[in-house]
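Thanks for coming. Please have a look at the model on the screen before I go through it.

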Amino acid sequence: MDIAQALTVAHEASASVRGTTSPNPPVGAVILDAQGDLAGVGATAPPGGPHAEVAALATAGTRAIGGTAVVTLEPCNHYGRTGPCSKALVDAGINRVFYANQDPFPQAAGGAEFLKARGVETHFLNTPIRALTPWLAATRLGRPHVTLKFAATVDGFAAASDGSSQWITGEQARSFVHSDRSKRDAIVVGTGTALADNPSLTARTADGLYAHQPRRVVIGSREIPETSNLATSGFERYSGISEALKALWDTGCRDILIEGGPTLAASALQLGVVDQIQAYIAPALLGTGKSIITWPQSTTMDDIHRFETTSVVTLGNDVLMELTRKDQ
Ligand SMILES: NC(=O)c1ccc[n+]([C@@H]2O[C@H](COP(=O)([O-])OP(=O)(O)OC[C@H]3O[C@@H](n4cnc5c(N)ncnc54)[C@H](OP(=O)(O)O)[C@@H]3O)[C@@H](O)[C@H]2O)c1
């Protein structure tokens, strides 16, 4: 197996644990033996459990001696709840380490230097890993990475004039949303959505619930009825976006999804905290209704709010556009 193939496997391992590791990063690691054959794969366990490198080394056993590690993030170099991964790699007899991203976390960084100082050939691949992007951005920003998600008609409406919005998109797009929710630390809505839609904000499969459920968060001052789906399943309540972001960060959230509605979406954009947008666009027209954001973002093309399109996926009859902030 070559390094690029090993990185693909490590990337998949990263993606498989996204949502379950916060505040730690969802890292994937692969160990190749001295002949270059796959000897072990590991991913970050929930907090307190082994890091990806340690899990991969455990599967590789003595085949790690003289082998190569390929990791999605620079091996950590600090004693937290677990020992440093850089030392575990050296102790296991690894000769070469390839890592896709540098660790921006000051206490954990320095793994590459540690490895080099002990004669391990160390390479920084500088390759984006989708599963790690929110964690890396959150660590840099000191607040959770925020994705704003909405479903809209092609003419930009998130609800009809009678307030109904279920459903703008088809089944395939909606089931994709549930799978996406299962990878997030928290789902956030405003009281307007909580009252209008009575959402559960759970991550559901066709037969039940995903193993990982995000925290459910409501922003606003209005009362949520005790009989609502949110009240019966438990949710957190904050009076503003900044307060919510701080509390969520302090309690370990790194990757959150704001699911609207239009008032909350507009204020998050206004605050400048939207890092990514997921626009689920349905080939349907309303011509009137509730726009996807309630306030003007700019009145002239000179200061238009631009994002970069990072992916476009067709989901049944709908399209998911993923947009990233230009300064990311
Ligand atoms: N198509 C979609 O993707 C989608 C998604 C969600 C909702 N919707 C539709 O959108 C409609 C509801 O719209 P909406 O704009 O009323 O919903 P919303 O944005 O979920 O709720 C608005 C409320 O949230 C609170 N809020 C928003 N920003 C705030 C801030 N910065 N600080 C403090 N509180 C803040 C306020 O609550 P208080 O007034 O209680 O203080 C505000 O009245 C419904 O028709 C729903 O079906 C569509």
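First, the ground rules. This is a predicted model, in which local features need pLDDT of at least 70 and side-chain atom pairs count only at pLDDT 80 or more, while totals for chains, interfaces and linings use all residues. Residues are numbered from 1 along each chain as its sequence is written, and side-chain values use heavy atoms, with hydrogens and water left out.

Now the ligand. How many residues surround the ligand? There are 28, where a residue counts if one of its heavy atoms lies within 4 Å of the molecule. The closest are G163, S165, T191, T193 and T263. By class, this shell has 14 polar, 10 nonpolar and 4 charged residues. In that scheme Ala, Val, Leu, Ile, Met, Phe, Trp, Tyr, Cys and Pro are nonpolar, Asp, Glu, Lys and Arg are charged, and the others, Gly among them, are polar.

S221 places a polar side-chain atom 2.7 Å from a ligand oxygen. R222 uses a backbone N or O atom, at 2.7 Å from an oxygen of the ligand. For G192, a polar backbone atom is 2.9 Å from a ligand oxygen. The ligand on its own has 920 Å² of accessible area, and the protein covers 83% of that; areas are Shrake-Rupley with a 1.4 Å probe.

Which elements give two or more residues to the shell? They are β6 (145–153), β7 (157–159), α7 (191–197) and α10 (262–271). The largest share, 5 residues, comes from α7. Helices here are DSSP runs of H or I with at least four residues, and strands are runs of E with at least two, numbered from the N terminus.

On to charge pairs. With a side-chain nitrogen of Lys or Arg within 4 Å of a carboxyl oxygen of Asp or Glu as the rule, the count is 13 salt bridges. In one of them, R18 pairs with D255, with the closest N and O atoms 2.8 Å apart. R18 is in the loop between α1 (3–16) and β1 (28–32), D255 is in strand β11 (255–258), and the two are 237 residues apart.

Last, the backbone. The peptide bond from Q166 to W167 is cis, with omega near -5 degrees, and W167 lies in the loop between β7 and α6 (171–181). The bond from G260 to G261 is also cis, with omega near 5 degrees; G261 is in the loop between β11 and α10.

Terms used:
A polar contact is a pair of N or O atoms within 3.5 Å; within protein, one must be able to donate a hydrogen and the other to accept it, and residues adjacent in sequence count only if both atoms are side-chain atoms.
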